[in-house]
Amino acid sequence: MRHVGIDVGGTNTDAVLLERDQVLFSVKTPTTRDVTSGVTRALDDLLRTSRANPAQIDAVMIGTTHFTNAVVQRQGLTPVAAIRIGLPAARTLEPFVDWPPDLARLVRGRIFLLRGGHEVDGRPIVPFDRVAMRRVAREVRDAGLRSVGVTSAFSPLDPSCEEEARAILREECPDAAVTVSHDLGRIGLLARENVTLLNACLIDLARATTRAFTRALEASGIRSALYLTQNDGTVMRADYAEAFPVYSFASGPTNSMRGAAFLSGATHAIVVDVGGTTCDIGCLRNGFPREANNVIHVGGVRTLFRMPDLLSFGLGGGTLIDPADPSRIGPRSVGYELIERARVFGGSELTATDVGVAAGLIELGDRDRVAALPASFVKATLARIHAMIEEGVDRMKSDAADLPLIAVGGASFLIPDGLPGISEVITVPHHAVANAVGAAIAQVSGEVDQIFQNMSRDDAIAEARRVAAERAVSAGADPATLEAIEVEDLPLAYLPGNSLRVRVRVVGDI
Amino acid sequence: MAKPRPMTDADYEALALGAWILGTGGGGDPYHSLLEMRTLAREGRTVWLLDPLDLEDDALVAVVGQMGAPLVIQEKMTDAHVMAETIRLMERHLGRRFTAIALWEIGGNNAFQPFLAAALLDLPVVDADAMGRAFPQADMTTFAICDLPSYPWTMVDIRRNTIVFVEAEDWYWMERMTRKACTVFGSVAATCKAPRTGREIKECTILHTVSKAIRIGHVVQHARARHGDPVAALLASEGGLRLFHGKVTDVYRRTTEGYLRGSAEIEGLQEDRGSTFVLDFQNEFVIGRQDGTVRVTAPDLICVLDSVSGDAIGTETLRYGQRVTVVALPAPPLLVSEKGLQHVGPRAFGYDVNFRSVFDGAAW
């Protein structure tokens with residue numbers, strides 16, 4: 001099996017070629033504004049250096065922070081019609097109620113609250129107001145809104161109101177993309193609605209991005225299937241990603257941690273990834289990223305996502321440093337303009353990379369251009385950078401015992417050689433492209449989301465696990481590596497025969 | 001007399017955090033109510049917090065709460081106007097006006113219901129509640145322990161279906177009747193409980209629990225701000241005990257009879273490795289067993305906290321794979337009195353176990 005893993009970051013686009021668990025080649029190129037040309041160039045570089053035949057690539061896996069960044073930076077978002085079906089419940093807490101105001105202003109196209117939805121026992125709260133739904137659909141069309149998010153009370157138990165709303169929208173405004181909440185979330189109306197609206201506002205960008213990826217593959221002569229990586233370290237097909245961009249939200253950190261585990265062979269470790277813009281610190285447990293317990297906010301929006309427990313702060317190779325004050329570091333970064341704006345590359349801005357070059361930690365660009373930096377300034381800046389990383393590691397480490405630290409990322413030269421509570425700092429080959437490695441080794445999953453009747457709970461869950469494992473294996477997972485990452489059951493009191501909705505998700509290595 | 005003080009935005013944020021911890025897994029996440037409270041506060045609606053000891057003996061005090069299953073509140077959320085309507089309904093029934101609103105339950109979402117209603121009705125809120133935590137049943141209150149009358153009650157749902165429960169044989173009957181009605185309403189309803197006099201509030205509640213919840217909220221906030229251990233800070237501040245640390249490996253949940261019932265299994269990590277902790281719940285955590293042996297029961301407060309942030313984790317938000325710390329906080333003395341234990345001891349929840357406080361030091 002030959003896999004290409006690509007990581008499209010805010011600063012660099014990295015690509016690796018993996019064959020039978022070996023990283024054969026890796027390349028690093030700057031990310032471009034249009035995404036496509038950066039990916040095309042990374043693929044071309046990779047194919048040229050490796051002399052691989054594009055026709056012999058079995059799969060391309062792309063991890064991208066594009067969608068998260070769009071939300072965080074409030075760019076490229078589509079205004080959304082938010083339809084909630086549940087009145088007279090939750091009347092006072094409208095859609096977008098807990099969004100940051102600036103993001104809500106961009107995304108909030110129109111808000112519609114309709115009577116309908118279900119009770120926990122499956123009865124309607126009130127009959128669904130289909131007449132109003134049709135009127136709303138026409139208003140959506142007349143307002144020219146291209147994306148709609150529909151959320152109905154208790155839709156994970158009974159999706160019928162959302163299904164009907166989608167059917168009416170298809171009739172009245174066939175061009176609008178419709179995201180329905182039961183496709184994305186569990187019980188918890190507000191958080192499920194938030195994820196639905198986030199997905200809806202990324203629909204145009206998702207379409208443009210996945211098509212840009214597809215074009216880049218075609219331009220490079222690769223005919224294999226294209227996958228995008230998801231939050232949980234598994235992949236989804238590009239056409240699925242086009243409909244559900246939110247699923248890729250935290251794939252970057254997941255990829256970098258899984259890549260670090262793969263490259264180092266470590267199973268219990270702290271991973272510090274210093275990229276162009278941020279420093280991300282996470283923990284590996286049994287080779288997997290430790291998951292965050294608490295409610296996850298994306299761009300300030302509360303969600304029910306599962307994400308790696310990650311501490312992220314503004315420190316990377318492109319981070320700006322105040323030439324007058326070594327303690328003022330970041331959080332702004334020159335991003336993908338590093339090779340134009342950093343001093344060692346002929347620019348005028350002082351970045352963390354310039355300090356690293358001046359200190360002799362790395363050879364990049366023209367060292368003479370930073371020769372004038374006073375040694376005391378370089379030393380003080382580095383001390384401050386080291387202190388920032390040490391503090392972050394200390395916050396993330398929950399074991400009393402010393403752990404190894406795996407240093408990855410293009411600017412990992414900023415990580416100190418020794419830290420308190422750390423047994424050793426491990427730097428591995430290809431560490432600078434750990435994200436792309438993580439994408440290339442992404443796992444496949446098997447999922448079951450099914451209603452079981454006339455079975456005990458234990459039997460239903462065991463059966464769901466068995467089927468999910470079977471599906472994972474038939475999707476290419478190694479049976480020895482299977483693990484259930486999600487087990488959830490929901491009784492459906494309104495159906496006969498002790499009905500139980502069971503969701504199980506099993507993942508495994510390819 | 002101490003002057004009533006205005007509740008601030010910071011008070012509400014800390015109250016949400018502290019009340020959720022005092023919810024002992026139940027009472028529902030106060031998040032939605034906090035959102036609604038923020039909106040009302042932004043509209044300039046200030047609520048005043050009143051020391052119960054300053055109440056006139058003959059003051060007429062409303063006691064309110066949202067009744068139902070926490071999981072359902074996650075979908076149907078909350079509405080200050082419906083809560084205010086139950087109080088107006090009670091006033092119409094009594095033919096008298098209330099002078100203040102007291103809390104039914106400091107634990108969880110119900111910590112906010114009096115404030116939401118008070119913001120609309122322009123009444124002060126009394127710094128006291130009838131549980132000192134959260135409990136699933138009306139007969140598990142200080143009013144029931146003190147044998148005060150259980151009636152009348154009013155109940156309103158989101159459709160504005162309304163019921164007045166004029167009289168009940170005792171607290172158990174009131175619980176049974178209202179629970180049935182609540183289930184018909186979709187397992188959540190706004191209720192105004194039996195009205196109380198100022199004197200009854202002073203003698204038969206847990207005093208100053210709003211202040212306690214706010215204090216707990218601040219302790220956790222401060223520990224987080226200085227990157228300390230919020231769980232340790234909470235235990236130090238409230239005299240609590242750390243019982244278990246581990247990872248959630250199974251959650252069994254059923255919404256029946258208007259309650260959320262079930263159990264959660266936690267596999268030990270670090271010093272608890274090799275050991276298993278099982279928590280049973282009926283809305284709230286009732287009993288905790290370690291490797292099959294009872295370790296802690298209600299009315300001791302059993303709280304499951306996020307090991308890192310110190311946030312409470314509710315019985316409806318427990319999830320496979322979470323890393324949690326189980327802690328106990330001491331119960332108010334009235335709850336562990338002989339009469340108190342008849343109402344809120346393990347036998348009141350159907351467990352054939354005598355109550356022995358985890359704080360008595362004796363091992364089970």
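Modeller: One definition comes first: a residue is buried if 20 or more other C-beta atoms lie within 10 Å of its own. The model is predicted.

Start with the whole chain. By that cut-off, 53% of the 510 residues of chain A are buried. The C-alpha trace spans about 75 × 50 × 50 Å along its principal axes. The chain holds 14 helices and 23 strands. Take the contacts in chain A with a separation of 6 or more: 68% of them come from residues 24 or more positions apart.

Now the domains. The assignment for chain A lists domain 1 (2-71 + 210-256), domain 2 (78-201) and domain 3 (443-508). Between the C-alpha centres of domain 1 and domain 2 of chain A lie 33 Å. The contact of these two domains involves four residues of domain 1 and four of domain 2. On the domain 1 side, the residues are four nonpolar, with no polar and no charged ones.

Next, the helix pair. Helix H1 of chain A covers residues 36-50, and helix H7 of chain A covers residues 203-219. Their axes come within 9 Å and cross at roughly 35°. The crossing of H1(A) and H7(A) is right-handed. Which residues make the contact? From H1(A) come A:Thr36, A:Val39, A:Thr40 and A:Leu43. H7(A) brings A:Ala212, A:Phe213, A:Arg215, A:Ala216 and A:Ala219. By class, this contact has six nonpolar residues, two polar and one charged.

Chain A also touches chain B. There, 27 residues of chain A are in contact with 28 residues of chain B. Two elements of chain A each give two or more residues to this side: helix H6 (189-201) and strand E22 (483-491). E22(A) gives the most, with four residues. The chain A side has 15 nonpolar, four polar and eight charged residues.

That leaves the partner, for context. Chain B has twelve helices and 18 strands. Its radius of gyration is 19 Å, close to the 21 Å that the globule rule gives for 364 residues, so chain B is as compact as a globular protein of that length. The C-alpha trace of chain B spans about 60 × 45 × 35 Å along its principal axes. Of its 364 residues, 60% are buried. Of the contacts in chain B between residues at least 6 apart in sequence, 74% join residues at least 24 apart.

Chain B is assigned domain 1 (5-209) and domain 2 (229-360). Their C-alpha centres lie 24 Å apart. In this pair, 30 residues of domain 1 are in contact with 28 of domain 2. The elements of chain B that give two or more residues to the domain 1 side include helix H1 (9-22) and helix H7 (171-184). H3(B) gives the most to that side, with four residues. By class, the domain 1 side has 15 nonpolar, eleven polar and four charged residues.

Methods
Residues numbered from 1 in each chain as written. Chains lettered and ligands numbered in written order. Predicted model: local features only at pLDDT ≥ 70, side-chain atom pairs only at ≥ 80, totals over all residues. Domains from an automatic or database assignment. Contact = placed C-beta atoms within 7 Å. Nonpolar A, V, L, I, M, F, W, Y, C, P; charged D, E, K, R; others polar. Axes fitted to C-alpha atoms, helices over the stretch in contact; angles between N-to-C directions. Left-handed = near helix turned anticlockwise from the far one by under 90°. Buried ≥ 20, exposed ≤ 12 C-beta atoms within 10 Å, placed from the backbone. Rg over C-alpha atoms; globule rule 2.2 N^0.38 Å.
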